[in-house]
Amino acid sequence: VWLRQGIKARRTRNEGRVKALEAMRAERAARRGQMGNVRLQVEQAEQSAKLVFEMKHVSKAFGEVRGGEVREVRGAEVRGEGGRGGACVVRDFSVRVMRGDRIGLIGSNGAGKTTLLRMLLGEVMPDQGDVRHGANVQVAYYDQQREQLDPERTVFDTVGEGNDTVTANGRTRHVHAYLRDFLFSGERARSPVKALSGGERNRLLLARLFTRPANVLILDEPTHDLDLETLDLLEEQLIEWPGTLLLVSHDRVFLDNVVTSTFVFEGDGRVQEFVGGYEDWVRQRQSRAPLQRGVSGGETAPLKGRPTNEAPLHPTSRAPLQRGRAPDPARKKLSYREQRELEALPPRIEAIESEQRALAERIAGADFYKESADAIKASLARVEELQCELTGAYARWDDLDSRR
Ligand SMILES: Nc1ncnc2c1ncn2[C@@H]1O[C@H](COP(=O)(O)OP(=O)(O)OP(=O)(O)O)[C@@H](O)[C@H]1O
Ligand SMILES: [Mg+2]
């Protein structure tokens, strides 16, 4: 099959993209040198219990809505929850998140990453299954929708919450001094939130986030719309963060630098957990080594004879750190619809890759960073988006192809 034989070819083609990413990171580092010091320090709470979250056989579906239409609408309350039988975003997923776990979530747009996080937070109820929190779990949540900011409040009040001082990283400081670390001048600090740009809002959200005492950080696309220098510092901060971390990001380098295991949303409600980051996932997927289900019975044992997303982070026995999809006789045959989908995937993958190549060439070109900041940002965002789409498409292709 051409996709299989194409690994080497792909690697060559990917060099342009890698070069583009390297350029982006070099750019980040250079910019950062010129800027003030953003010090991101999360105020640490007391430790949580060892078991932070547990999900058992969790499933969630939404009504008949097409992703493209819904995504235009901000805020979940606007979109009605229809009946069952619609898109299944999570299907029979079980997992234990333990203290200190650093988990990345990857998957294409609309795959269900935010929904899974919100089920962990208790903001969305699963249709089936249980979600449990460990003792003393204190979450700081960075919301993708950014709906937590009051547009009428000033920057100062948003961070100070009525006080003149804030405590971050065990240090109590004046709000103005703290905000200066986040590149807000005294004047800017007095502006209402509604007067801020998207990037400034994100910086403000981070500033506020890091004053919250927390032992679990849940960040839903914090890298989106962030200034490059803040992005770099956020990365450093997260690397040092000793608590539990769940992170959604389409920036695979960022993700790989920060997380140690990954939930992959493969589409149609399938969520797999892999040890390692994005690159490890790609490698494991390519090698398709004999797969092992790292569970040894007990409460989270998969239901017999059903597709399962059983993905224990912490098998009780010391199994090799290699797992993924187990052969499942129930899922062998492709339906007519799946057959059609499979046929459509190679041209789609090719289209994505060809757009990637074109974009990578442009980005690697000498003139790229002479373009406007908005144009640069849009191109870089597109790089991430394409990569994510490609990941999803390959995962789907891999799955369907293996069942032919
Ligand atoms: N309250 C809701 N009512 C109806 N459908 C919803 C609701 N919330 C999410 N969905 C749908 O569920 C699917 C998963 O959405 P979710 O926001 O979890 O995806 P995501 O992986 O976070 O995507 P993105 O990468 O774009 O943020 C989408 O098709 C979305 O349209
Ligand atoms: Mg999301």
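Student: Before counting anything, what counts as a helix or a strand here?
Tutor: Helices are DSSP runs of H or I with at least four residues, and strands are runs of E with at least two. The model is a predicted one.

Student: How many helices and strands does the protein come to?
Tutor: The secondary structure amounts to 13 helices and eleven strands.

Student: And what share of the residues is buried?
Tutor: Of the protein's 404 residues, 50% count as buried.

Student: What about contacts between residues at least 6 apart in sequence: how many join residues at least 24 apart?
Tutor: That holds for 76% of those contacts.

Student: Switching to Arg203. Where is it found?
Tutor: Arg203 belongs to helix H8, which covers residues 198-209.

Student: Buried or exposed?
Tutor: Arg203 has a relative accessible area of 9%, and buried means under 20%, so Arg203 is buried.

Student: Which residues is Arg203 in contact with, leaving aside neighbours within four places in sequence?
Tutor: Phe182, Leu183, Phe184, Asp227 and Thr230. For Phe182, the backbone oxygen is 2.9 Å from a polar atom of the Arg203 side chain.

Student: New topic: H12 and H13. At what angle do they pack?
Tutor: H12 (residues 336-364) packs with H13 (residues 373-402) at about 155 degrees, and their axes are 9 Å apart.

Student: Roughly parallel or roughly antiparallel, then?
Tutor: Angles over 145 degrees count as roughly antiparallel, so H12 and H13 are roughly antiparallel to each other.

Student: How do the residues of that contact divide?
Tutor: The contact of H12 with H13 has 15 nonpolar, three polar and ten charged residues.

Student: Is the crossing left-handed or right-handed?
Tutor: H12 and H13 cross in a left-handed way.

Conventions
Residues numbered from 1 in each chain as written. Chains lettered and ligands numbered in written order. Predicted model: local features only at pLDDT ≥ 70, side-chain atom pairs only at ≥ 80, totals over all residues. Heavy atoms only, no water. Buried < 20%, exposed > 50% of the residue type's maximum accessible area, 1.4 Å probe, protein only. Polar contact = N/O pair within 3.5 Å; in protein donor to acceptor, adjacent residues only side chain to side chain. Contact = heavy atoms within 4.5 Å. Axes fitted to C-alpha atoms, helices over the stretch in contact; angles between N-to-C directions. Parallel < 35°, antiparallel > 145°, perpendicular 65-115°, else oblique. Left-handed = near helix turned anticlockwise from the far one by under 90°. Nonpolar A, V, L, I, M, F, W, Y, C, P; charged D, E, K, R; others polar.
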